[in-house]
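This report describes one protein chain for a reader who is new to structures. Look over the sequence and the model before reading on.

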Amino acid sequence: MDNVSMADAISMMKKDIQAMEHRLEVTETLLSNAKEVLTVEEAAKFLGLSKSFVYKMTHEGLLPFYKPNGKVCYFERACLLEWMRSNKVATKDEVREEAKQKLQQLAVE
């Protein structure tokens with residue numbers, strides 16, 4: 001093999017490796033998104049928080065979790081979503097609409 005064909009072969013192998021790495025990453029993401037029960041690491045990634053902060057929140061009773069064996073923490077994806085959606089902050093339009101409704105109620109009374 002001359003230098004040109006060797007360089008081409010290496011370049012093709014690098015592209016193949018990059019393509020396989022990308023496919024593996026996509027597959028791991030799909031599998032992770034399909035899981036209903038998450039580990040601390042997975043929950044932290046799902047929430048966009050650090051692992052230590054997730055532990056702190058469990059210790060303070062702020063985050064719903066399970067400890068079936070008394071040691072390892074597990075999190076239910078649906079519970080985490082529900083927790084994330086709690087304490088919704090209203091938009092300006094929602095605040096205006098609520099104020100309008102309150103004023104209408106006061107006018108009727």
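Where does N87 lie? N87 lies in the loop between α4 and α5 (92–108). Helices (H or I, at least four residues) and strands (E, at least two) are DSSP runs, numbered from the N terminus.

This is a predicted model, in which local features need pLDDT of at least 70 and side-chain atom pairs count only at pLDDT 80 or more, while totals for chains, interfaces and linings use all residues. Residues are numbered from 1 along each chain as its sequence is written, and side-chain values use heavy atoms, with hydrogens and water left out.

**The core**

The largest nonpolar core has eleven residues: L38, V40, A43, A44, L47, V54, M57, L63, C73, F75 and L80. A nonpolar core is a set of buried Ala, Val, Leu, Ile, Met, Phe, Trp, Tyr and Cys residues joined through side-chain atoms within 4.5 Å. Buried means under 20% relative accessible area, exposed over 50%, and partly exposed in between (1.4 Å probe, protein chains only). Two or more residues of this core come from each of α2 (40–47) and α3 (51–59). The most, four residues, is given by α2.

**Helix α3**

The buried residues in α3 are V54, M57 and T58. Seen down the axis of α3, they fall within an arc of 100 degrees, so they line one face of the helix. The arc is that of the directions from the helix axis to the C-beta atoms. On the face of α3 turned away from its buried side are the exposed residues S52 and H59. The cover over the buried residues of α3 includes α2, β2 (75–76) and α4.

M57 is in contact (heavy atoms within 4.5 Å) with L49, L62, L63 and W83, leaving aside its neighbours within four places in sequence. After α3 comes G61, with a positive phi near 70 degrees.

**Helices α2 and α4**

Two packed helices are described by the angle between their axes and the distance between the axes. For α2 and helix α4 (residues 77–84), the axes come within 11 Å and cross at roughly 35 degrees. Axes are lines fitted to C-alpha atoms, for helices over the stretch in contact, and angles run from 0 to 180 degrees between N-to-C directions. The crossing of α2 and α4 is right-handed. A crossing is left-handed if the near helix is turned anticlockwise from the far one by less than a right angle, and right-handed if clockwise.

In this contact, A43, F46 and L47 of α2 meet R77, L80, L81, W83 and M84 of α4. Its residues divide into seven nonpolar, no polar and one charged. Here Ala, Val, Leu, Ile, Met, Phe, Trp, Tyr, Cys and Pro count as nonpolar, Asp, Glu, Lys and Arg as charged, and the others, Gly among them, as polar.

**Accessibility and distance**

E82 lies in helix α4 and is exposed, with a relative accessible area of 61%. N87 is also exposed, at 73% relative accessibility. Most residues other than glycine have a negative phi. In N87, a residue other than glycine, phi is positive, near 55 degrees. Helix α5 holds E98, which is partly exposed at 48% relative accessibility. V95 is in helix α5 and is partly exposed at 46%.

| Pair | Apart in sequence | C-alpha to C-alpha |
|---|---|---|
| E82 and I10 | 72 residues | 49 Å |
| E98 and L38 | 60 residues | 38 Å |
| V95 and K56 | 39 residues | 33 Å |
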